[in-house]
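Hi,

Here is the structure I promised to pass on. Please have a look at it first, and then read my notes below.

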Amino acid sequence: MEIEAKYTASEAQYADLLETYVLGEYGLKDVEEQILIDRYMDTPQRDIEKGGYACRIREKSGEWLLSVKRSEERRVGKECRSRWSPYH
């Protein structure tokens with residue numbers, strides 16, 4: 001299971017993050033650009049979304065990954081979700 005947190009940042013905060021090389025206990029480094037293609041799937045009646053889930057198919061570097069995500073908590077500027085994938 002993966003716990004994901006998303007935050008919003010101003011342009012100034014984003015610029016500061018680009019200059020950051022350490023984030024907590026993690027060292028940061030420049031990496032090459034990656035292209036991701038995400039496709040979200042649902043029924044015509046949007047049953048998956050109504051049930052609090054999202055079904056995503058992601059293509060990255062010629063590999064495909066299916067993820068089913070469930071919304072657990074929503075706050076202003078932060079969202080935490082669990083994710084299931086056969087590869088995680």
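Let me begin with a pairing of side chains: D38 and R58 form a salt bridge, with N and O 2.7 Å apart. (A salt bridge here is a side-chain nitrogen of Lys or Arg within 4 Å of a carboxyl oxygen of Asp or Glu.) D38 belongs to strand β3 and R58 to strand β4, so this pair ties together parts that are 20 residues apart in sequence. D38 is partly exposed, at 33% relative accessibility. For the terms: buried means under 20% relative accessible area, exposed means over 50%, and partly exposed is in between, with a 1.4 Å probe and protein chains only. Helices (H or I, at least four residues) and strands (E, at least two) are DSSP runs, numbered from the N terminus.

Before going further, a word on what you are looking at. This is a predicted model, in which local features need pLDDT of at least 70 and side-chain atom pairs count only at pLDDT 80 or more, while totals for chains, interfaces and linings use all residues. Residues are numbered from 1 along each chain as its sequence is written, and side-chain values use heavy atoms, leaving out hydrogens and water.

How confident is the model? The mean pLDDT of the chain is 79, and 75% of its residues reach 70 or more; pLDDT is the predictor's confidence in each residue, from 0 to 100. Among the elements, β3 has the highest mean pLDDT (92), whereas strand β6 (residues 78-84) has the lowest (55). Over residues 73-77 pLDDT stays under 50, and the model has seven contacts beyond four places in sequence for them. Contact means heavy atoms within 4.5 Å. Where pLDDT is low, the predicted coordinates should not be read in detail.

Now the overall layout. The chain has two helices and six strands, following the pattern α-β-β-β-α-β-β-β along the sequence. Of its 88 residues, 14% count as buried. Among contacts with a separation of 6 or more, 28% are between residues 24 or more positions apart.

How many salt bridges does a search of the whole structure find? The search finds two. Besides the one described above, E49 pairs with R46, the closest N and O atoms being 2.7 Å apart. Both partners are partly exposed: E49 has 44% relative accessibility and R46 has 47%. R46 also deserves a look for its backbone, with a positive phi of about 60° although it is not a glycine. R46 sits in the loop between β3 and α2 (47-50).

S61 is another non-glycine residue with a positive phi, of about 55°. S61 lies in the loop between β4 (53-60) and β5 (63-75) and counts as exposed, at 67% relative accessibility. The C-alpha atoms of S61 and Q34 are separated by 7.9 Å, although the two are 27 residues apart along the chain. Q34 itself is in the loop between β2 (26-27) and β3 (36-41) and is partly exposed, with a relative accessible area of 48%. The side chain of Q34 also joins that of K60 in a polar contact of 3.3 Å. (A polar contact is a pair of N or O atoms within 3.5 Å; within protein, one must be able to donate a hydrogen and the other to accept it, and residues adjacent in sequence count only if both atoms are side-chain atoms.)

In strand β4 you will find Y53, which is partly exposed at 40% relative accessibility. Leaving aside neighbours within four places in sequence, Y53 is in contact with I48, V68, K69 and R70. Y53 and S71 are 18 residues apart in sequence and 6.3 Å apart in space, C-alpha to C-alpha.

Finally, the surface. Y14, L17, L18, L23, Y26 and L28 make a nonpolar patch of about 640 Å². Patches are made of residues with over 30% relative accessible area and no salt bridge, where like charges are joined within 9 Å and nonpolar side chains (Val, Leu, Ile, Met, Phe, Trp, Tyr) within 5 Å. Helix α1 (residues 11-18) gives the most to this patch, with three residues, and L18 is located in that helix.

Best wishes

Key. Areas by Shrake-Rupley, 256 points an atom, 1.4 Å probe, with all protein chains shown as cover.
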